[in-house]
Amino acid sequence: MKSIFAFLTVAVFLVSCNPAPTSSKSSKGALTSNAAEKVYVAPGEYDDYYAFISGGFSGQLAVYGLPSGRLFRVIPVFSQDPEKGYGYNEETKPMLNTSHGFVPWGDSHHPDISQTDGVLDGRWVFINENNTPRIARISLETFETVEIIEIPNSAGNHSSSFVTENSEYVVAGTRFGIPIPQRDISISDYKGNFKASLSFIKIDPEDGEMSIAFQIRMPGFDYDLSHPGRGKSHGWFFFSMYNSEEAHSLLEVNASQNDKDFIAAVNWKKIEEYVKQGKGHKEKVKYAHNIWDDDTHTATSTMEKEVLVVNPEDVPGAIYFLPTPKSPHGCDVDPTGEYIIGNGKLAAAMTVHSFTKMLKAIEDKAFDGDKYGIPILKFEAVNYGTLVQPGLGPLHTEFDTRGNAYTTFFISSEVVKWNVKDLKVIDRHPVYYSVGHLMIPGGNSRKPFDKYMIAMNKITKDRYLPTGPEVCQSAQLFDISGDKMELLLDFPTIGEPHYAAGIPAEMLMDKSKKIYKLEDNKHPDAVKTEADSKVIRKGNEVHIYMTMIRSHFSPDNIEGVKVGDKVFFHITNLEQDYDVPHGFAMIGANTSEELIMPGRTATMVWEPKEVGVWPFYCTDFCSALHQEMQGYVRVSAKGANTPIKYTLDDEVPGEEEE
Ligand code: CUA
């Protein structure tokens with residue numbers, strides 16, 4: 001009673017006193033009075049943007065609406081997901097296959113949406129895996145992971161997965177130098193012996209399928225982030241790096257010695273031509289290439305055996321180093337393609353390089369020596385200018401269409417808006433706290449949709465109700481349409497909101513898939529009518545070809561299964577209605593449930609360990625009689641001679657009643 005009274009008092013205070021931010025709120029967030037209105041999406045209304053926010057160490061990709069910050073869906077990508085059966089069922093297990101075997105977890109980092117003519121085209125979103133280097137492609141029709149390619153000769157795939165302006169390539173890099181090929185050598189022999197790879201993965205323009213076109217064998221620096229050139233700089237790719245010292249231990253000290261590290265400028269068109277002439281050399285490697293087939297509803301994993309490698313010295317004029325203070329992290333290119341921004345983590349100033357000056361410097365051979373044969377361009381010859389003392393610990397920069405850049409500062413916990421041409425700070429806003437990436441929808445393209453920006457924070461301490469030692473990480477939504485950035489909303493995220501990609505809702509919502517057509521289902525174990533449902537024993541395997549439709553399974557009584565059998569439930573959802581998945585859960589199953597979309601088939605393996613009669617049921621509340629959607633499997637002893645029997649309403653499905 002007391003708490004209700006207190007709530008009412010506060011409510012009255014808020015209503016009676018307009019504008020009425022409470023003192024604690026205003027000191028924390030400095031919200032203007034109409035912020036709530038700006039993020040309020042009324043019940044039944046849609047959000048304006050999709051935001052795809054990486055789950056970081058969760059390995060997944062979450063889909064939110066902006067401006068509401070509402071979570072719509074978590075797309076399983078690199079980690080098993082028992083909610084959907086991803087990585088547990090027979091169809092999706094191959095997606096998580098790698099050269100190291102089955103890997104059930106990943107560290108997802110940078111989503112990037114495919115582009116045509118430098119503008120988002122909304123076909124696919126790519127995302128990299130940092131730990132066991134991989135890139136995934138997710139369909140923006142089904143919101144499902146449809147391909148994962150492993151990157152050989154790499155470790156710590158951080159500078160990934162950014163796409164070129166016609167989705168020609170998506171790139172991968174090596175954050176950790178490694179012996180290539182891997183071999184047994186002393187770690188103290190790092191310098192000169194450990195190498196890195198920058199990989200260019202071709203995207204098929206029709207179906208999006210990825211294939212590694214070539215890898216550039218680079219010195220063993222730590223390639224951190226990257227962005228493509230665009231417009232005038234289309235054809236180039238820029239990679240930031242730290243540890244030009246080639247330290248192998250206590251990097252926080254030993255990799256922070258040099259005043260300047262580099263941004264590597266890679267003329268991929270030039271290397272593409274070189275490769276087209278049949279040049280470069282093939283190396284033996286092993287990497288998994290996993291593809292989802294939407295006809296058979298099944299993934300296959302192929303172990304690839306070789307990769308084409310290009311040495312920089314063999315393609316003169318293709319790669320240059322741009323000196324950049326100091327241990328740069330973010331490496332961002334503005335919408336015009338002219339400005340390349342190096343966010344030096346340890347620098348007191350932001351470095352802005354000019355693409356035009358870079359071309360001139362190359363022409364003039366304005367070199368300052370080389371590193372392992374790669375020319376270092378003179379800093380003064382490529383540098384457009386510096387933004388002096390904008391904040392502490394710059395990490396990442398995104399852009400609007402009005403010539404402004406927005407940079408996150410991890411140490412001073414703020415976003416700073418500045419004009420790229422004038423190098424003048426226009427506005428700054430605190431964030432809560434320790435911001436990593438920020439995202440403006442379309443920020444990595446020629447055409448940002450610059451109404452909103454989200455800042456993704458690593459630490460939230462006092463911002464949310466405490467939940468034990470771990471507090472949620474979060475995003476903060478800003479309105480950036482005016483001169484001043486306006487903080488509108490905090491919303492928690494899944495895992496670590498490492499980076500994000502955003503796109504206007506109208507570009508995706510109409511083509512979002514509603515059902516899988518039963519007639520197009522080419523799964524070899526699909527049964528498309530109840531009459532075809534059946535149970536077949538093959539040695540100690542029992543294959544149950546089952547259907548589900550509101551609100552029963554067929555068959556729903558199964559006998560003749562024995563302890564020691566391997567039971568395959570091949571289940572087809574016969575529904576052809578939008579938003580009617582059914583679930584399937586089997587008592588004691590050591591995998592997960594299945595969540596099966598209309599028209600789709602999925603397979604769960606169950607190995608019964610005890611004699612008895614064991615129930616299964618539908619997990620998704622599908623109808624008023626969802627609770628009745630259930631059945632039994634009778635399990636007999638190992639050597640028993642109970643015959644296989646399967647029925648629905650005591651009849652064998654498909655057999656005429658006598
Ligand atoms: Cu089918 Cu609940």
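**Note on salt bridges, aromatic pairs and surface patches**

1. In this predicted model, the side chains of D400 and R402 are joined by a salt bridge with an N to O distance of 3.2 Å.

2. A second salt bridge connects E496 with K458, whose closest N and O atoms are 2.6 Å apart. This pair links distant parts of the chain, since E496 sits in the loop between β33 (486-492) and β34 (500-504) while K458 sits in the loop between β31 (452-457) and β32 (474-479), 38 residues apart. E496 has a relative accessibility of 11% and therefore counts as buried, and K458, at 22%, counts as partly exposed.

3. Sequence neighbours can also be partners here: the side chains of E83 and K84 meet in a salt bridge at 3.4 Å, N to O. In this case the acidic residue E83 is partly exposed, with a relative accessible area of 48%, and K84 is buried, with 15%. The count for the structure comes to 28 salt bridges, and K38, K451, D479 and E486 are linked with one another in a network of such bridges.

4. Turning to the aromatic residues, a search of the whole structure finds 31 aromatic pairs.

5. Because W236 lies in strand β15 and F355 in helix α7 (residues 355-363), the contact ties together parts that are 119 residues apart in sequence. W236 and F355 are both buried.

6. On the surface, D204, E206, D207 and E209 gather in a patch of negative charge. Among them, E206 lies in the loop between β12 (194-203) and β13 (210-219), and its relative accessibility of 67% is why E206 counts as exposed.

7. A nonpolar surface patch is formed by L392, F410 and I411, which together have about 290 Å² of accessible area. F410 is placed in the loop between β27 (404-409) and β28 (414-419), and at 32% relative accessibility F410 counts as partly exposed.

Conventions. Residues numbered from 1 in each chain as written. Predicted model: local features only at pLDDT ≥ 70, side-chain atom pairs only at ≥ 80, totals over all residues. Heavy atoms only, no water. Patch = residues over 30% accessible without salt bridge, like charges linked within 9 Å, V, L, I, M, F, W, Y side chains within 5 Å. Areas by Shrake-Rupley, 256 points an atom, 1.4 Å probe, with all protein chains shown as cover. Salt bridge = Lys/Arg side-chain N within 4 Å of Asp/Glu carboxyl O. Helix = DSSP H or I, 4+ residues; strand = E, 2+ residues; numbered from the N terminus. Buried < 20%, exposed > 50% of the residue type's maximum accessible area, 1.4 Å probe, protein only. Lys, Arg positive; Asp, Glu negative; His and termini not counted. Charge placed at Lys NZ, Arg CZ, Asp CG, Glu CD. Phe/Tyr/Trp six-rings, centres within 6.5 Å; stacked < 30°, edge-to-face > 60°.
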